[in-house]
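Please find below my comments on the model under review. They are arranged as numbered points and should be read alongside the coordinates.

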Amino acid sequence: MGKVFLSHSSNDKDFVEPIANLLGKQKCVYDKYTFEIGTETIEQIISGLKSTDIFVYFISNDSLNSEWVKDELNRAEEAIPSSTDKLKQIFPIIIDPDINHNDNRIAPFLRKNYNLQRVLNYKIAYRKIRQQISKLNFNNNMLLGESTNNYYGRDKEIEQFRNRVDNIDLPPLKSIVVSGIPGIGKKAFIKEALSNTDIIKRYYEPILLSMSKNNNIEDLILSISDAGFGDYSFDEIVSITDMKTKINILVNLFNTIQKYNEIIIIEDDECLITLNGTMCYWLEDAIEQSDNGLSVIITSNINANKFNSQKYKCIEYISLSELSDTDKMGLLRVLANKNNINIKREDYSVLKDCLTGYPPQINETIELIKEYGIDHIIEHTYLVSEIPEQVSSNIVNLCQEKCSKEHFQSLLAIIAELEFISANMLNKICKLDRRYKEVFLIIRRYSVCYYIGANKEYVKLNSFISNFVTRNNMQVLDDINQLIRNELEKFNAQINETTDLFLWDTSELKYYLKANLKENICDVSGFIYSTITLKSITELYHEQLYSKVINLFNEIKQNNRYQYFDQSVKNTLHRYYCQALIKNKNADFYAEVQFFADEKLWIDYYFLQGFNYRYSGEYKKAEEMLDKVLQMNQSHLAAKRELVMIYIALQDYDSAISLAKNNYYKNRENTFVIQAYFECLIEKNVLDKQEKEDLDNMLSSIKRIHRIKSTPIYYQLIAKNEAYKNKNIDKAIDIINQGITNFPGSMYLIRDKFDIYKRSKDIVGMEKTINELKKAVVTLEYKGVLYTRQAILKLFKGESTESVQRFLRNNVNMSEEAIDKIVLKYKS
């Protein structure tokens with residue numbers, strides 16, 4: 001860590017001295033210069049900065065009333081801006097509860113050039129100083145400047161916001177929710193709307209925080225407190241069990257934000273705004289109870305429910321769609337001018353038809369023009385049309401082609417795992433291998449990540465990229481894993497000695513607690529709260545460590561804090577627990593699933609029953625239960641996916657296709673969803689125009705994903721396309737065998753190998769593959785896959801209809817209708 005200059009009033013020594021002690025005498029300049037001395041000039045301070053990495057200016061009523069401050073510091077505006085490097089080294093912190101960022105006594109250059117924040121706890125101040133040093137060193141190493149927002153248009157939405165602000169017939173505005181797909185420009189719109197209505201000055205930067213899917217009220221309290229609006233410690237917050245108390249704390253934090261004329265923007269990923277478009281109840285309560293005034297703005301990828309938007313008049317909901325034709329061309333023109341690119345009027349006309357109004361596409365068009373020239377782009381407009389809009393695999397491919405693929409995926413994987421990463425940890429990672437530094441420069445350029453935090457001291461992946469990384473199971477390389485293990489050992493050594501965790505960055509603190517909980521390394525039961533618990537259980541389940549899920553759930557239920565978890569969290573934990581019991585064939589499931597019946601949660605109850613029946617190979621009963629789920633909730637995606645799996649296992653593609661199509665249209669980049677819909681289409685004799693386009697799009701998607709991470713599904717789809725569409729059976733079998741070599745024992749690859757032989761009526765090949773399939777099918781979940789294909793082989797070999805029907809009835813729990821469909825399709 002570099003050297004720190006602590007500039008303060010002598011009356012503030014009680015606050016500053018503990019910070020100096022934590023930094024250590026060798027790491028700070030302390031008590032050498034105080035404002036009361038009055039003899040130092042701004043030139044001397046700048047000279048002092050040459051020997052320090054950061055100049056921390058503690059702002060208080062005493063320091064602002066100092067004659068030296070009035071006489072010398074206020075004139076620093078003329079001296080310091082001549083050196084932007086010195087500007088970056090100054091870190092002002094407000095440590096007085098009665099001072100806010102727009103106090104006229106604060107030097108104008110500080111108010112204009114810095115995001116002045118309030119920190120009333122010396123421990124938080126110390127941590128933020130460390131974070132600022134790490135960020136400064138990191139940005140210097142990366143030669144990075146802050147990215148700038150390019151905003152244009154949205155006049156209609158700006159007018160909506162202005163009308164709401166000026167409407168005195170409605171209750172005072174306390175919060176705003178801005179929704180739209182990732183990359184649509186929500187944060188840029190917010191800043192423009194706020195400055196357009198004079199709520200903030202154009203130079204003011206709202207504080208950006210983040211909430212993830214499994215976060216809860218404790219995480220929001222800690223994030224806002226960490227930003228300087230409270231002095232709540234981690235162990236203090238997680239020890240509170242009463243929800244009403246937590247909501248009151250959140251209300252007080254919102255009121256503090258208002259008191260100091262600050263604004264926070266919370267980028268939400270299905271936590272504050274749920275999938276059904278409603279705001280979580282505890283946030284609604286806190287906003288309703290807070291003082292009149294705007295303090296919190298939420299960005300969400302989910303559009304708000306219309307009923308919800310009318311229910312709470314103190315909250316305004318604004319939805320952003322793609323830019324209009326006029327706005328998209330205006331943004332293109334502005335970006336072209338900024339980059340000194342000359343685009344002719346006729347070229348604008350050509351580009352207009354290629355651009356969708358999605359801002360990242362327009363930004364990348366400028367990058368393409370800079371790289372290839374406007375004439376080349378006009379001749380090859382497909383380059384613009386194919387620019388990724390919301391397609392994660394395209395963006396990931398674009399980035400990893402320009403750097404080390406392994407190091408690219410490793411850095412993305414660790415950031416996704418941590419949720420957001422501190423500049424300090426990034427520094428450590430980049431020192432491991434220069435290629436990580438190259439990767440970070442690339443992902444910053446393509447807006448794969450962005451800065452969050454009061455001082456932008458953390459880096460976070462865009463949500464759709466983070467989901468893509470997790471879904472494709474990108475792996476962290478050994479060098480980063482070893483670094484994390486070393487840091488975890490340091491954390492565990494400290495946690496055994498003290499419960500004071502303020503030294504640790506929030507993201508790493510949560511990660512280390514979760515690691516201990518998952519691996520049972522160190523006793524962290526005193527720090528258990530709902531978010532850490534839910535993340536641990538979720539990750540263990542998706543890692544297929546079902547016994548650990550069961551054991552951990554039972555341990556957590558014995559913890560006194562479990563009874564105070566929010567009911568929705570308890571429901572989710574119990575759902576994972578029941579699914580783990582099913583996967584482990586644990587008979588306790590039948591007693592535990594009763595929890596949902598007792599709570600009248602019939603959708604969960606029927607779904608889990610259906611999941612259990614499907615996993616046990618009792619397809620008829622599974623179908624009955626899942627149908628009940630869809631009768632109660634027609635949009636239940638998990639139930640639809642389960643039904644598709646059942647129908648495909650029974651080769652009932654006619655029943656599966658509409659559900660599979662619906663799932664695909666909702667998630668076009670999920671490989672399992674692609675696989676299911678592809679199978680339905682490839683088995684269909686005649687495809688319409690849209691279905692042919694879907695088939696081609698799915699093949700393109702799976703090829704893009706394969707370049708990022710190889711999966712068995714790639715070989716399945718490519719092979720079936722060769723066999724069914726191109727009629728090249730030999731090539732298809734070669735592709736499948738290559739897949740089996742790369743993924744030995746893959747039941748799905750062997751299953752599709754049988755289907756390809758079936759396509760060419762190759763009975764010898766089918767018989768050989770059935771023997772392979774018997775070895776690959778090791779659970780009841782897939783017995784229908786085996787037995788239906790054995791039935792098909794019997795029909796191909798000429799066995800009677802009655803014999804095959806009897807075989808299916810004896811071995812597979814399926815309806816008579818499903819049995820008849822198989823027999824009718826293959827008996828000839």
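Is arginine 164 buried or exposed?

1. Arginine 164. This residue is buried, with a relative accessible area of 6%; buried means under 20% relative accessible area, exposed over 50%, and partly exposed in between, with a 1.4 Å probe and protein chains only. Arginine 164 belongs to helix H9, which spans residues 155-166. Beyond its neighbours within four places in sequence, arginine 164 is in contact with Leu170, Pro171, Pro172, Leu173, Lys313, Cys314 and Glu316, where contact means heavy atoms within 4.5 Å.

2. Basis of the comments. This is a predicted model, in which local features need pLDDT of at least 70 and side-chain atom pairs count only at pLDDT 80 or more, while totals for chains, interfaces and linings use all residues. Residues are numbered from 1 along each chain as its sequence is written, and side-chain values use heavy atoms, with hydrogens and water left out.

3. Overall form. The protein has 45 helices and 13 strands; these are DSSP runs numbered from the N terminus, with helices (H or I) of at least four residues and strands (E) of at least two. Along the principal axes, the C-alpha atoms fill a box of roughly 105 × 70 × 60 Å.

4. Of the 828 residues, 58% count as buried. Among contacts with a separation of 6 or more, 70% involve residues 24 or more positions apart.

5. Nonpolar cores. The largest nonpolar core holds 227 residues, and Ile224, Leu250, Leu272, Trp282, Leu283 and Leu411 touch the most other members. Such a core is a set of buried Ala, Val, Leu, Ile, Met, Phe, Trp, Tyr and Cys residues joined through side-chain atoms within 4.5 Å. Leaving out residues up to four places away in sequence, leucine 411 touches Leu426, Ile429, Tyr436, Val439, Phe440 and Ile443. Another core, of 20 residues, lies apart from the largest one and includes Phe15, Ile19, Val56 and Ile93.

6. Valine 469. This residue lies in helix H25, residues 463-471, and is buried, with a relative accessible area of 2%. Valine 469 touches Leu412, Ala413, Ala416 and Met474, not counting residues up to four places away in sequence. Its C-alpha atom is separated by 40 Å from that of glycine 24, 445 residues apart along the chain.
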